[in-house]
Amino acid sequence: MLVQAMSKGRMPIIPGGASHWLPLISNDVVAQTIVYLSREVEPSGGTYPVLLPKEDSPNMKELIQLMATTLDVPSPRWSAPLPIIHAAMKAGGERISGIPPESISFITKQRFDVEQTEQLFLRMGQSIPNVVPLLPHVIADLDYRLTSPVVAGKALPKGWMRARKGDLAVLVHEGQGEPWVIVHGLMSSADEMLPLGQALQRLTGNPIWLVDLAGFGRSPALGAQQGEVGFNGQVKAVVGAVNEITGSFKLVGHSIGATIAGAVLRECKRSDVQLAVLQPVWTASEDQVQWLASKLPRRMLQKQLSRMSSRRLVKQFKRADSTIIDEKAILAYADRVSTSLRSPRIAGANADLLLWIQRPDRAVVPTFDEAARTLLVWGRTDIGYMRPQGLPTSLKCAELPYGHQFPMFHPQETARLLADWQVEQNL
């Protein structure tokens, strides 16, 4: 309820302030504790509040600040006593905030005696796990599920599971051989790349990682985890995720995700990584609307994106693609994008990259050494971005008769091209 209220701008004050806290623990720790107690040979009995001590937990001011950073919204500056908030809620504030008055009861000044709990966890061979590092991921996941309940509520296809790699949320399918790590583009997420991931997994049998960039999908905004935001922060976040792969892997990126993937290849300084860039954003956008949007202040652009209707998005997509896309498919995609942009976190992450695309100092094409292990796939009917000139001769190039969004609207053909490239690399 706190996440929903903050995301919608309905949390003007901090409940209770720095003297109060919201006792939190992850449910798997509770389950682990119950299982251990049920298996004790000589149970001694006791009361075990499964919580960190109050001084090791964030107070309400710190928790609300963390939520604001993760959700990319302004943090409230002032606090108010709980009795006043409770009275205001009962007087009609519940209709504005969406938070029932009774829920305020979970916020407390009380300290809990966790001495027996600490002794129990010593017997379990560990200390009470700290929930704080999990909070940005929990908050982002809740935000995604509350903003896009239809998409988030769908069961994953067989073989896929959600995981966390570094500080990013990732969809993973196990397999044999080198993993494929796929990075989505603007107005997208790991879920949107799922058809491509499924097609590629069926063709190759390799492990597949579908990454949610920071602030997109279920990943926390950069400010919650990184010292650097924007493009460079995204690069660092993806580097942190792929560093969990010990052997060689193939890195695939679409649109701005392709540009990020190229920068990741450069940052990793590893010779065992191959790169496939699908419609990379190596030049500024040719679209006048996007150019004008990039002149807006960041917060204003974030707000404008959050108000984008499906109809406006369809026009935007069609302006950048001279081919005819299935009307039903593009409208369904626009609906999903429009819904997701209601999250300030997702709108803010898109705004940061949109602003970066128009910068004159953005990243350029790969060097000769990088180009020798890079595949460029270009959709010929993209009229939103121009294919750059003067590409290295060592760069392998392929074309498809589609526009900018071909990896999502034509996943089978894209996967086939990538699988064929893998076979060529292994010869």
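**A loop residue and its surroundings**

Author: Asp72 sits in the loop between α3 (60–71) and β2 (79–80), where helices (H or I, at least four residues) and strands (E, at least two) are DSSP runs numbered from the N terminus. This is a predicted model, in which local features need pLDDT of at least 70, side-chain atom pairs count only at pLDDT 80 or more, and totals for chains, interfaces and linings use all residues. Residues are numbered from 1 along each chain as its sequence is written, and side-chain values use heavy atoms, with hydrogens and water left out.

Reader: What is the phi of Asp72, which is not a glycine, and is Asp72 buried or exposed?

Author: Buried means under 20% relative accessible area, exposed over 50%, and partly exposed in between (1.4 Å probe, protein chains only). Asp72 has a positive phi of about 60°, and with a relative accessible area of 12% Asp72 is buried.

Reader: Where is Ser255 found, and what is its relative accessibility?

Author: Ser255 lies in the loop between β7 (249–254) and α10 (256–268); although not a glycine, Ser255 has a positive phi of about 60°, and at 3% relative accessibility Ser255 is buried.

Reader: How many residues does the largest nonpolar core have?

Author: A nonpolar core is a set of buried Ala, Val, Leu, Ile, Met, Phe, Trp, Tyr and Cys residues joined through side-chain atoms within 4.5 Å. The largest has 91 residues, and Ile260 is one of those with the most contacts inside it. A second, separate core of 23 residues includes Leu2, Met6, Leu22 and Ile139.
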